[in-house]
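Hi,

Here is the structure I promised to pass on.

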Amino acid sequence: MQKFAVKDHEYSLLPEGKWNLVWSDEFDGTELDTAKWDYRLSMMGKRHPAWTDKAVHLDGKSNAVFSIIEENGLPVSSQLQTGYNFMDEPVQKTIFEKDDIQWNIGKLKESKFLHRYGYYECRCRLQQNPDAWWSAFWMQSPVIGSSLDPAESGSEIDIMECFEYGKLHEHNIFTGGYGLDNKKSTTGSHPEIDMSEFHRFGVLWDETGYTFYFDGVEDGRVTDYVSKRPQFILISTEVVGYRHKEHAPVQAAIDSIGKDDFLVDYIRVFDKVD
């Protein structure tokens, strides 16, 4: 790996070769750049009770700060995304001309940033209490699951997920949507991690597959389900418990309201220069 200097900011660690920075957010200033990001509030056609648009702020020190806050008496957190999954938005009652029939997809939105191939990198300091909430840096296709061909409809690319203190989750590639046609391929070594420090997480996505990196060291490669579809970026958190059978936050999340943060220094996207 090689260092890529970014003026007045922390350097990137990139695979060998020549690279061009094509998109980034350094999270400078005190206001989130809504030309680049939107909040993910819904999933699979329903408003998700774990997510809010009020739990991220910029600290003026080049960090996006994700927190657990209380909303309607419950612990919630935020997810940021540069695009939209066509299945997420809640369905509204519609008719087609004079026919009383329901188009079972919500209102579509124009993505803010989609990109295909390249190197995607995040520098962040993970949350300190994964028993309360988890964090992730990942990518998704706007039309994942709309066909059986991942090249056409895309895949989910999990670059970093942290569910357990001191360890990273494996990297997953999901395709075919999240139902009967779902398929996945997994790689990664579950490396141990110092949760108190900032770390770099990256993926090299090209025509041949996905190669994952942790602090400049390769941590697995997947050659299955290669997307040829431009995809969007997500940097996300979620309170533990809302996806359990009880659909309620765990006590650790309630106890962590206002007491834990997930810090993101930057997100960068690079294209390789031929």
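Let me start with strand E12, residues 118–125, which is mostly covered: eight of its eight residues are buried. Do keep in mind as you read that this is a predicted model.

If you follow the side chains along E12, Gly118, Tyr120, Cys122 and Cys124 point one way. Tyr119, Glu121, Arg123 and Arg125 point the other way, and the residues on both sides are all buried.

So what does E12 pair with? One partner is strand E17 (residues 199–206), which pairs with E12 in the antiparallel sense over seven bridges. Another is strand E21 (residues 261–272), also antiparallel to E12 and joined to it by seven bridges.

**The seven-stranded sheet**

Next, there is an open sheet of seven strands, in the order E4-E11-E20-E13-E14-E15-E16, with antiparallel pairing. Its edge strands are E4 (38–39) and E16 (183–187), each of which pairs on one side only. Within this sheet, E11 (residues 79–81) and E20 (residues 232–239) run antiparallel and are joined by three bridges. To find the spot on screen, look for Gln81, which stands opposite Leu234 in E20.

The largest pocket has a volume of about 480 Å³. It is lined by 26 residues, and the closest to its centre are Met44, Gln140, Glu156, Tyr178 and Arg243. Strands E13 (133–140), E14 (155–162) and E15 (171–175) each supply at least two residues of that lining, with the largest share, four residues, coming from E13. Sorted by class, the lining of the largest pocket has eleven nonpolar, nine polar and six charged residues.

The second largest pocket has a volume of about 340 Å³. Its lining is made up of 20 residues, and Tyr84, Asn85, Lys107, Leu108 and Lys109 lie nearest its centre. By class, that lining has nine nonpolar, four polar and seven charged residues.

**A closer look at Gln140**

Gln140, one of the residues closest to the centre of the largest pocket, lies in strand E13. Is it buried or exposed? Gln140 counts as buried because its relative accessibility is 1%, and the cut-off for buried is under 20%.

The side chain of Gln140 makes a polar contact with the side chain of Asn85, at 3.5 Å. Asn85 is also among the residues nearest the centre of the second largest pocket. Setting aside neighbours within four places in sequence, Gln140 is in contact with Arg40, Asn85, Ser155, Glu156, Tyr178, Gln231, Phe232 and Leu234. Two of those names, Glu156 and Tyr178, were on the list for the centre of the largest pocket, and Leu234 is the residue that Gln81 stands opposite in E20.

**One hairpin to finish**

Last item: strands E18 (residues 209–214) and E19 (residues 217–222) run antiparallel and are joined by four bridges. Thr211 has Arg221 as its bridge partner in E19. The two strands form a hairpin with two residues between them. In the turn, Asp215 has a positive phi of about 50°.

Cheers

Definitions and conventions
Residues numbered from 1 in each chain as written. Predicted model: local features only at pLDDT ≥ 70, side-chain atom pairs only at ≥ 80, totals over all residues. Heavy atoms only, no water. Buried < 20%, exposed > 50% of the residue type's maximum accessible area, 1.4 Å probe, protein only. Pairing = 2+ DSSP bridges. 1 Å grid on protein atoms, 1.4 Å probe; cavity = no way out; pocket = protein on both sides within 12 Å on 5 of 7 lines; lining within 4 Å. Points joined across faces, edges and corners; volume = space filled by probe spheres on them. Nonpolar A, V, L, I, M, F, W, Y, C, P; charged D, E, K, R; others polar. Polar contact = N/O pair within 3.5 Å; in protein donor to acceptor, adjacent residues only side chain to side chain. Contact = heavy atoms within 4.5 Å.
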